[in-house]
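Good morning, and thank you for the time. Please have the sequence and the model open while I speak.

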Amino acid sequence: MIKDKEDQADISSQENRPHSWEKREPPHRKRRTIQVENTIPSRVRPGYGDPHTMSHMYPFLVSVPHGGVDVPEEVSDAVALDQDAISYFSDPGTRDIFGLSDCACAYIDTPISRMIVDLNRPPYHLPPKRWDGVVKTRTSTGVPVYKDGQFPEITLIHRLLLRYYFPYHAMLDRLLDGGSIVMAFDCHSMLPSAPGEGHGSGRERPLVCLGNNGDSLGNQRKGALATCPGEVIRVLSDEFKVLYPDKGNVALNTPFRGGFISNAHYWHKGIPWIQIELNRSLYENRRDGGHAELQDNVRKVLSGFWKKVQEKELL
């Protein structure tokens, strides 16, 4: 259920199909719990060298903030969702699909589930005012994330953010400051139709949604800052349309315009960002998972994108 602009900006949410956690039955599958040994349990590849001289290395930063499915040990006993639900309400598979550290100058992800710490929300979006903020009280289908009476108190929330949230954003700034990055992508998955029971629920979604906080053509909206020029996001859109040519398969800023990561770090650094959302119907329910094929497709898209951007001197 989308209730405000921030929620609209980025909810990689859930299909309308029955699950045990939607029925609020007791969890049954043991959760994946991570023990903390450092302050940022992420896979990071920093930018280096001169990407313009690398035949297969592009000057891109790839961020995958919602692919993790692990629960930190600090809150493991308090979480009500089982592992199936944790995975379902995250962006399953995106760490594989967008794991392009072999061709992007910089890459970062996290194993921590967005249901525990959502890196794509402002740090001050907290309950009770924000149920879908940086720390969530319930899922988009209304199921409590935590057991009754065990929601983390404010000092524990602060500790979670110090350990998992702020280091991720600090690392993004470090990677952007490295001198190799000219374009950044925040990468997600979305379900085939909008979840919940509110306005727009059940509405089918495109196969690809690209967001720059602009309008449906990628142009800047009045009073809003676009995170990259319209000409640039349209080049990326055209490359995805080669793969998915049917009308409506690739959309700009609908249903997602981009979340906190792309907007905040564009404001901070001025390096262009695009949020990429891939429909989970492209790979879910396939026996082989479909991750490798989709990663190859994304790699081809970004390669074609960079070639045309250079030809047109857009960046």
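This is a predicted model: local features need pLDDT of at least 70, side-chain atom pairs count only at pLDDT 80 or more; totals for chains, interfaces and linings use all residues.

Residues are numbered from 1 along each chain as its sequence is written, and side-chain values use heavy atoms, with hydrogens and water left out.

The protein chain contains seven helices and nine strands; these are DSSP runs numbered from the N terminus, helices being H or I of at least four residues and strands E of at least two. Of its 315 residues, 57% are buried, where buried means under 20% relative accessible area, exposed over 50%, and partly exposed in between, with a 1.4 Å probe and protein chains only. Among contacts with a separation of 6 or more, 79% join residues 24 or more positions apart; a contact means heavy atoms within 4.5 Å.

Now the helix pair. How do α5 and α7 pack? Helix α5, residues 230-243, meets helix α7, residues 291-312, at an angle of about 140°, and their axes are 9 Å apart. Axes are lines fitted to C-alpha atoms, for helices over the stretch in contact, and angles run from 0 to 180 degrees between N-to-C directions. That makes α5 oblique to α7, since angles under 35 degrees count as roughly parallel, over 145 as roughly antiparallel, 65 to 115 as roughly perpendicular and the rest as oblique. The contact includes Val-232, Leu-236 and Phe-240 of α5 and Val-301, Phe-305 and Val-309 of α7.

Turning to the strands, β5, residues 104-109, has six of its six residues buried. Strand β3, residues 58-64, pairs with β5 in the parallel sense over five bridges; pairing requires that DSSP find at least two bridges. Within this pair, Val-62 stands opposite Tyr-107 of β5.

In helix α4, residues 154-176, we find Tyr-164. Tyr-164 is buried, at 4% relative accessible area, and its C-alpha atom is 7.8 Å from that of Ile-112, 52 residues away along the chain.

Finally, the backbone. Pro-127 and Pro-128 are joined by a cis peptide bond with omega of about 10°, and Pro-128 is in the loop between β5 and α4. Another cis peptide bond, also with omega of about 10°, joins Thr-254 and Pro-255. Asn-253, in the loop between β8 and α6, has a positive phi near 60° and is buried at 4% relative accessibility. Glu-313, in the segment after α7, has a positive phi of about 55° but is exposed, at 68%.
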